[in-house]
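Please have the structure open while I talk.

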Amino acid sequence: MIHKLLKRPQAIIGLCLIAIVIVIAIAAPAFSPHDPELVNLSQKYAQPDAEYPLGTDQLGRCTLSRLLYGARYSIGISLPVLLILSVIGLIVGTFSACAGEKADHFITILCDVFIAFPSLIIAIAVIGVLGNGLQNIAVSVVIATWAWFVRIVRSYSVQEMGKDYILAARISGCNTGKLVFRHLIPNILPQFLVYVSTGVASSIIMVSSFAFLGLGLPSGTPEWGAMLNDARTALYSHPELLIYPGLCIFVTAAGFNLFGEALRDILTPEEDSL
Amino acid sequence: MKKYIGKRIISFLIVLIGVSVLSFLLIAWSGKDPAEIIAHRGVSNPTPEQIEMIRVEMGLDQPLPVRYIQWLSGMFTGELGTSLTTHQPIVKDLHKYLATTTSLVGMAILWIIVLTVPISLLCARKRNRLFDQVTRGITICGICVPTFWLGFLLLLFFAIHLKWFSVLPSPGWRGFLLPSFALAVPSSCSLIRIMRSSLLAELSSDYVRFAKARGLSANRILVCHILRNALPPVVTIFFQQFGFLIAGGAVIESVFSIKGIGTYLVDSVIAADTIAVSTCIVVIAAIFVVANFMADIINRLLCPWMVREENDT
């Protein structure tokens, strides 16, 4: 499968973009020429030059450094959140599919209730309840989207449970726990990975839209959405300050989406043979 | 069909009750005391007795179930108190802002339909040709684009560069043209992809082969036969997007300085106006549940044969 994946230009572009953003996030201090939060009012809205490769913002902070550090927030929140969501999704989703009718009904209705709240709304409310902070943003994204992950795993599992190999495993004396972890999860994992990959992209966009709305992060944080919000006042005079952070969000989201897309093409080749 | 609708209505009501309980609990457990916040609004340094008085006056000393019933009945009678941000009755605010957001979302839906249907039909018709490839590229980009950034790009280009629009919202439909487009792009892009693959999946079915054998033209088969059968998944996702459009509206409303329910909600969150927040989320969630319900019914009407299939299994 990895071999097939590497043949697709989409997958390679996607993987490269993901790798670049992760490297930038880890090595932001090494790459950035300045402290991203260093205010230098004498250098307000400086033009790009050798010292400030992308110029400065309304407080004289280095735009390039802020963009580089911004990768830390997007990646640093989204990846752990998706890990937690995947674990919740796999455990609750497979449980729901295997545990019998009553539990299944209960979990389905619970998911319906949570899905009824648009994710952004529930996350806004949770941040309103918990207050600002990185952890709280992560928690609110988890609360807002866990039901989608459970639902998708459940529907994959229900499909798989009807297949012969599950029956064969049962007949050969496999208990439910072993059945789920040895047989069911490995078989739904590839499809689930596609969902997770596009989920990373949407959680990156979600986190930056909170920051843009001024929720969750203290002001002055070098997060891409927050930078966009800061740059609004310079809409007329310095539009480039609005363009850079959005481009960063776009490229990062595109990396994960392209990778997920290529993965989906490999897993469901039927569409191509039509 | 009747049995099916009855079943759906029951589950619809359960979800609706669940939604209202959840949004009430979310706020009740927030650890923020509305009485204290309101007391601080009135006097700069309220005594515990004053806070207690407001608490009794607002009925906040009652047990949770009683407060839930009061809050729920308040929603129907329109007695929810005044908003801390606008100093108007919350119900009046809701009416006003919901109307604005509804026009915004309504126009976005028009954009979505206008963009999605013809483009995906063309893509399915000209499969793997240039138009299809280009559309594929554009739709992938469209899904990744954050709506607020797209909004700013539109503002920069159309309002500042070309000067066709004003940056602050102009009254009437003109003011909604750019924001609704920005709102519609990500939804349209994902819908185009879903509709294209749904159309293509139908292309290989037997009835299409039969229609071809009867000598019908490819265009006619596509529009008269395949379209209807390919619509159900699209309708489901389309109505799901409805909730996202209202929620995503918060961001777009902020970019284009429109006063809608989204910005009202965010302002209320920042001002810790718990009653306004819970009322807003329950209204938005209810709209979403109703939209989902409608999607199911429309699908049944579009493809009644699907009901039979489901009853068989």
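In this predicted model, H7(B) and H10(B) are roughly parallel to each other, because their axes cross at an angle that falls under 35 degrees. To be specific, the axes of H7 (residues 147-161) and H10 (residues 218-255) of chain B, which are lines fitted to C-alpha atoms over the stretch in contact, with angles run from 0 to 180 degrees between N-to-C directions, come within 9 Å and cross at roughly 30 degrees. Helices here are DSSP runs of H or I of at least four residues, numbered from the N terminus.

Which residues make this contact? H7(B) contributes B:Thr147, B:Phe148, B:Gly151 and B:Phe152, while H10(B) contributes B:Gly248, B:Val251, B:Ile252 and B:Val255, where contact means that C-beta atoms, placed from the backbone, lie within 7 Å.

Turning to the contact between the chains, 34 residues come from chain A and 41 residues from chain B. On the chain A side, the elements giving two or more residues are H5 (101-116), H6 (119-130), H9 (176-213) and H11 (240-267), and of these H11(A) gives the most, with nine residues.

A word on conventions: residues are numbered from 1 along each chain as its sequence is written, and chains are lettered from A and ligands numbered from 1 in the order in which they are written. Because the model is predicted, local features need pLDDT of at least 70 and side-chain atom pairs count only at pLDDT 80 or more, whereas totals for chains, interfaces and linings use all residues.

Technical notes. Two residues are in contact if their C-beta atoms, placed from the backbone, lie within 7 Å. Angles under 35 degrees count as roughly parallel, over 145 as roughly antiparallel, 65 to 115 as roughly perpendicular and the rest as oblique.
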